[in-house]
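Dear colleague,

I am passing on the structure that we spoke about, together with a short account of what was found in it.

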Amino acid sequence: MTAVTTSTVTAAPAAAPDERPRTRRRALAPGRRLPAARLAGPLLVLALWAAASAAGRLDPAAIPAPWTVLRTGVHLWTDGTLAGDIATSLQRAGYGFAIGLTAGVVLALASGLSRTGEALIDGTVQLNRAIPTLGLIPLFILWLGIGETFKIAIIAIVVYIPIYLNTHAALAGIDHRFVELAEVQGLSRARFVREVVVPGALPGFFVGLRLGVTGSWLGLVVLEQINATSGLGYLMFQATNYGQSDVILVGLVVYGIFGLVSDSVVRLVERRVLSWRRTLSS
Amino acid sequence: MAPHTEQLTRPAVRLQGLTRSFDGRTVLDGVDLEIPAGQFVALLGHSGSGKSTLLRAVAGLDHEVTGSGLLTAPERVSVVFQDSRLLPWRRILPNVLLGLDGRGAEERGRAALAEVGLAGRERAWPSELSGGEAQRAALARSLVREPELLLADEPFGALDALTRIRMHALLRELWKRHRPSVLLVTHDVDEAIVLADRVLVLDHGRIGLDLTVDRPHPRSYRDPLLSEYRTELLGALGVVEDTD
């Protein structure tokens, strides 16, 4: 009648091993995280690459050794080519991203806050989304010429769509009970937007923002490799013609750094702004 | 309660022939009701009897609902919902001050929080509060606006039994101090009897029973005299108690 399991468990630590507590279940969660878990995989790949290069198992014309890539990178940086190309690329992506971000947020708010706005905007954006943006490139070249404007326009479109879609979905998903609360508390329209709409839509906005950031780099790569006379993509495209695989790899590394840094920045901002959320990952 | 007698002559809420229907189904069928200023009224009814519809009509929350009738309600109305409805992205004090402006608002917010026993929790996030604490914060949010009428839609329905008893005492105490008219919607007969001075039963879209509970406060659930009210109310609700 006494507490059978607990008493045997505590009283018999030195007893036979099959007296161990049986209440403990098989752990199905993956368990504790390994230290520096995110870096382990990439570092392993890098090590294999270096080892294979050192052993002479890789064709240096196709896949140059890591140290060759590094040396080329340093060389390109010191003679100024790389810095100039990076600046050009960053400018394109930056302008396009800023325009896309603004358009996405403004359109989402207009469409989420008024039925007229929704009728005019939502269908149009959904239609725009159905057309692969990169398919618009030929038309945009005809309209805007082959200069910077068309590149920025394409990047802006690639960016605004995910930001619009996710922000709009988050706006539509704001709990109706909070709208009711705002009415009861007598909030003005502007205050309702500030206190309820914007904070409520932020989680969705950040999802869109991260997709938009990735999209801006994707658009940049495509645009620079087909129609450019400067920029990282152009540098890589030229390298193809001269068989400089190390230069191509330098370009890829820089693109990778762009993507990683921008995503980390967005995630950092997201964590600070959405600190009220206690999700599973925290 | 002598100082309040002259106040009681002025009705805070007046409904005349209030009718509301959803998709052709009549939920409120010509309700006539007057609530004097400062009276504590409980509204009982089965689920689906229209008690929430009535409360939402008085609160002015029933947009796009077809209906007719006359409705007079005071200017300053606060609502406490079944869920605390605190904005998860605002800390407790800004939640209490939601929609409130002007100088001294923050001081009043702090005072209201202290009154419901949440002093020192101003900077907590809603997710850090227990169910009872969140509901007390919601009470503070409605009190800080100094309402003439407090509407409460099953405010303790989601709380555990022990917390609910403590909240009853708190609500009654706050009412005594601020004297708003109260319309408390509930499905709990005992809650209605213990708290309210007048209990209404809503039946088929009309007030089926209007009962004045004339017992001193604080009331105990075990008060034998209250069981007569209980029997009468349950009868009006169509529930027959087994007395064995």
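Among the contacts in chain B that join residues at least 6 apart in sequence, 71% are between residues at least 24 apart. Please keep in mind throughout that this is a predicted model.

To give the overall build of that chain, eight helices and nine strands make up the secondary structure found in chain B. Its radius of gyration is 18 Å, which is close to the 18 Å that the globule rule gives for 244 residues, so chain B is as compact as a globular protein of that length. Taken along the principal axes, the box filled by the C-alpha atoms of chain B is roughly 50 × 45 × 40 Å.

Turning to chain A, one residue was looked at separately, namely A:Ser262, which has its place in helix H11, a helix that runs over residues 245-273 of that chain. With a relative accessible area of 15%, A:Ser262 falls under the 20% cut-off and therefore counts as buried. Leaving aside residues up to four places away in sequence, A:Ser262 touches A:Val213 and A:Trp217.

With kind regards

Methods:
Residues are numbered from 1 along each chain as its sequence is written. Chains are lettered from A and ligands numbered from 1 in the order in which they are written. This is a predicted model: local features need pLDDT of at least 70, side-chain atom pairs count only at pLDDT 80 or more; totals for chains, interfaces and linings use all residues. Side-chain values use heavy atoms; hydrogens and water are left out. Helices (H or I, at least four residues) and strands (E, at least two) are DSSP runs, numbered from the N terminus. The radius of gyration is taken over C-alpha atoms; the globule rule is 2.2 Å times the number of residues to the power 0.38. Contact means heavy atoms within 4.5 Å. Buried means under 20% relative accessible area, exposed over 50%, partly exposed in between (1.4 Å probe, protein chains only).
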